[in-house]
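Work through the following exercises with the sequence and the model open side by side. Each task is followed by a solution that goes step by step.

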Amino acid sequence: MAAIEIRNLTYKYQNAEAPVLQNLNLTIEKGEFALVFGPSGCGKTTLCRCLNGLIPHFYGGELEGEIFVDGLNVRETPPAKLASHVGLIFQNPENQLFSFNVERDVAFGLENLGVPPEEIRKRVDWSLELVGISDLKDRAPWELSGGQQQKAAIACVLAMQPSILVFDEPTSFLDPLTARGIFDVIARLRRELNLTVIVVEHRLEALAAHASRLILMDRGKIVLNGEPRKILAEAAERLSLKVGVPSIVLLHRRLSKLGILKDLTPLTTSEMAAQLRGVLTRD
Amino acid sequence: MTYKGFMFKKGETGLHKLDPRVKFLISLSFVVCSLLFEELVVLAVLTLAMVPLASRGGVLKEWLSTLRGLAFLAVLIFAINLVFIFFGSGKSWEFPAAMALRFVVVVSSFSLFFLVTAPDEFGLALQQSRIPFDVVFALTMAFRFVPVLALEVQSIADAQRSKGLELDSGNLIMRIKRRIPLLIPLIVSSVKRSLEIAEAMEARGYGSGNPRTSLYKLKFRRVDLAVTVLTLAVLASAVYFRLYLPIPVCLGF
Amino acid sequence: MIKLENVGYVYPGGVKALRGVSLTIGEKGSLAIMGRSGAGKTTLIKHLNGLLKPTSGKVTVDGVDTRKATVAQLSRKVGIVFQNPDHQLFAETVEEEIAFPLKNFGFPQDEIKTRTEWVLELFNLTRYRHHSPLSLSGGEKKRVAMASVVSWKPKYLVLDEPTLGQDRENKLRLRELFEEFMGEGRTIIMVTHDVEFTAECGFNVALLVDGKVSALGSAQEILSNVELLKEASLAAPQMAELFLELEGMGAQPVFTVEEAERLILSWLMAGAEKP
């Protein structure tokens, strides 16, 4: 059973003129790390909402097609039930923390599910420990930095022990170094807990090396879907203006066209440096 | 700012550590007592009785600022009631004074309550008193986001002032008109925030239909019991006094 | 010229946001102010039009002490485009939104008309002129916010995180706008942590760390210095990182893909050194 199975998904928001997602088909296996990117308006945020049931249960609208998450039919399962299978972390860290201290926020989801207090206690401590913010548990959310808030938001979702985590542009509001910190947390959590992870992100440089699959969306459709190197190379060909293709990929493409580089598209600066060194020392 | 008198001030005092339900009982008792008596001396005593409590709670300064804020309204109440006497029941001036003082006691007792009771504590108290969670949550959220809104208005005002909007001049009508560019972004932003919070809540199982549990539970300690008994005793005596004993040497009517 | 002389700022709650910032802006071209969130960048720009007055030190705009002028007066010269368009947009139509500051500053009706037309065109917003600004997408809202400030052509244009959420194409247009603006003798001041964009713009860079300017220099100097960048919680552009790894080959600070390509080709033609 795949972690996520989407068949012929077409979705139109209420009062919208055109569907935001058109005949989408996607399968993501358990344990994968999928990176979704695309120009603004391509539907990636809408896709995230379809994965945890906010669409259609919270947003209404017209939904066609089938969405199965962890074997559950999203159309027939309310978000509250899906919450223990798939967790969604949003863009703005501030609006995901609405209690008076971090601990209470992390407990919120478990309280909703009616988990007994002793179990809540255990899971809250476990979750905070995993994300690395145990020392922040008594702090008020507004006292935390953006990065700390986002980590807290991750802990909140993690406490419900979903097997799938979806991140909708989690670092938009954060500076680059803090963003890297969050990506490290995501990668580590996936490894340690064997989770399926889907991240929607602009900053491809940092994540391309971690992802097992890259998915490019444009205007409600999946345009490219596959192994990172291949997808980056193709994306560089097609949409380099609208999507932030990493500079090393662009450079590699140029040099490959000139016949200078023949190896695979690099995912990190080190790889690119190694390729260049190889070529430059051959003379 | 009067609102400072109602904002929770963190502390580790004896008053802070009391169960919020007990603190509520204390404030309520002040209110009940103030309604039982019309005698100026009693009302004055009630007001003064809050001083040691506020002091004990480390919130004396803030509590006094509430009093200062109430002064204007109190004088207004006094004046209005005074006018009605001269055309009405013929009671002496002490009656409107008592009305004004009663108003002060009621509001300042709640000020004291909110100064030493954390909003989430207050929320827990309501929850454990069987008030539906939705209601409690809405209430505590309001508390939680008032400071956030205050910051936002500041940010909006900064942006609009930077576009030449003059907020500090003009007559009353102009001043109100000039605040529309502040109000609309605030409303829009608040609606957006509410939506995002609602999404986050749903994504964390809100409305699952299962009976809700709670990580924290208020514990009623011996001290809480003692204070409750004491407060009820004082309340009972007050009722007794009211019903059975004439109050001598004070300014009765 | 905007001069900040040993500016210190302490927030009412006691937080020391700025601790002795001295900067002269406008003499040598445009400036990018960079640093981690909380370093004091937004606090700093609020001093440029008098929204905040320094608790110590002095800020002068073209000789005028900001303590002696109103925000409206200073804003006529120093136009700040704040980060969050949701905290500004309120009018019924995009047109009215853009006309709002022009009315506040007392421009005559016909001027308002001409400028509104010009700026709608410039930011590709003409088709939205009668739409409600609240109905636009995030990126479009940002353009409306920017358009409404550019409309009064301030001498100094200050932007807080202008590239957040903008795709490559929009960033290109932004750069073109900057060049046009600077060509008219105006100065751009931008707060950003987009290192790549700053490198492409070629501005001077001031790094703000803990309320102080830790480094000031050209984009070339500052953005290739990995130590400095780390201190300011910034990530070096990929090209710079790449060439740093190629240090042994006599690398130079390179930021754009074009520059990199040229450099590599030149090496190949000259014959590279052995590592």
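A salt bridge is here a side-chain nitrogen of Lys or Arg within 4 Å of a carboxyl oxygen of Asp or Glu. The model is a predicted one, in which local features need pLDDT of at least 70 and side-chain atom pairs count only at pLDDT 80 or more, while totals for chains, interfaces and linings use all residues. Residues are numbered from 1 along each chain as its sequence is written, chains are lettered from A and ligands numbered from 1 in the order in which they are written, and side-chain values use heavy atoms, with hydrogens and water left out.

**Exercise 1. Salt bridges between chains**

Task: Find which residue meets A:R49 in a salt bridge, and decide whether the two partners are buried or exposed.

Solution: Begin with the distance, which is 2.5 Å from N to O between the side chains of A:R49 and B:E199. Because A:R49 lies in helix α1 (residues 44-51) of chain A and B:E199 in helix α9 (residues 180-203) of chain B, the pair joins two chains. Finally, classify the accessibility, where buried means under 20% relative accessible area, exposed over 50%, and partly exposed in between, with a 1.4 Å probe and protein chains only. A:R49 is buried, with a relative accessible area of 8%, and B:E199 is also buried, at 3%.

Task: Carry out the analysis for the salt bridge between A:R254 and C:E258.

Solution: The side chains of A:R254 and C:E258 meet at 3.2 Å, N to O. This pair too crosses between chains, from helix α10 (residues 247-257) of chain A, which holds A:R254, to helix α11 (residues 257-270) of chain C, which holds C:E258. A:R254 is partly exposed, with a relative accessible area of 30%, and C:E258 counts as partly exposed at 38%.

**Exercise 2. A residue with a positive phi and a salt bridge**

Task: Describe the backbone, the surroundings and the salt bridge partner of C:D62.

Solution: Start from the backbone, where phi of C:D62 is near 50 degrees, a positive value in a residue other than glycine. Most residues other than glycine have a negative phi, and most peptide bonds are trans. C:D62 lies in the loop between β4 (56-61) and β5 (64-65) of chain C, and at 26% relative accessibility it counts as partly exposed. Then turn to the side chain, which meets that of C:K77 in a salt bridge of 3.3 Å, N to O. The pair links distant parts of the chain, 15 residues apart, since C:K77 is in the loop between α2 (71-75) and β6 (78-81) of chain C. C:K77 counts as partly exposed, at 33% relative accessibility.

Task: Locate C:N6 and give its phi.

Solution: C:N6 is found in strand β1 of chain C, and its phi is near 50 degrees, again positive in a residue other than glycine.

**Exercise 3. A cis peptide bond**

Task: Identify which residues of chain A are joined by a cis peptide bond, and where the proline is placed.

Solution: The bond joins A:I55 and A:P56, with omega about 5 degrees. A:P56 has its place in helix α2 (residues 54-58) of chain A.

**Exercise 4. Helices and their setting**

Task: Determine how helix α2 and helix α3 of chain B are arranged.

Solution: Take the axes as lines fitted to C-alpha atoms, for helices over the stretch in contact, with angles running from 0 to 180 degrees between N-to-C directions. The axes of α2 (residues 20-36) and α3 (residues 40-56) of chain B come within 10 Å and cross at roughly 165 degrees. That makes α2(B) roughly antiparallel to α3(B) (angles under 35 degrees count as roughly parallel, over 145 as roughly antiparallel, 65 to 115 as roughly perpendicular and the rest as oblique).

Task: Explain why helix α1 of chain C is described as largely enclosed.

Solution: Seven of the eight residues of α1 (residues 41-48) of chain C are buried, so this helix is largely enclosed by the rest of the structure. Among the buried residues are C:L44, C:I45 and C:L48, together with C:K41 and C:K46. The helix is followed by C:G50, whose phi is positive, near 85 degrees.

Conventions
Helix = DSSP H or I, 4+ residues; strand = E, 2+ residues; numbered from the N terminus.
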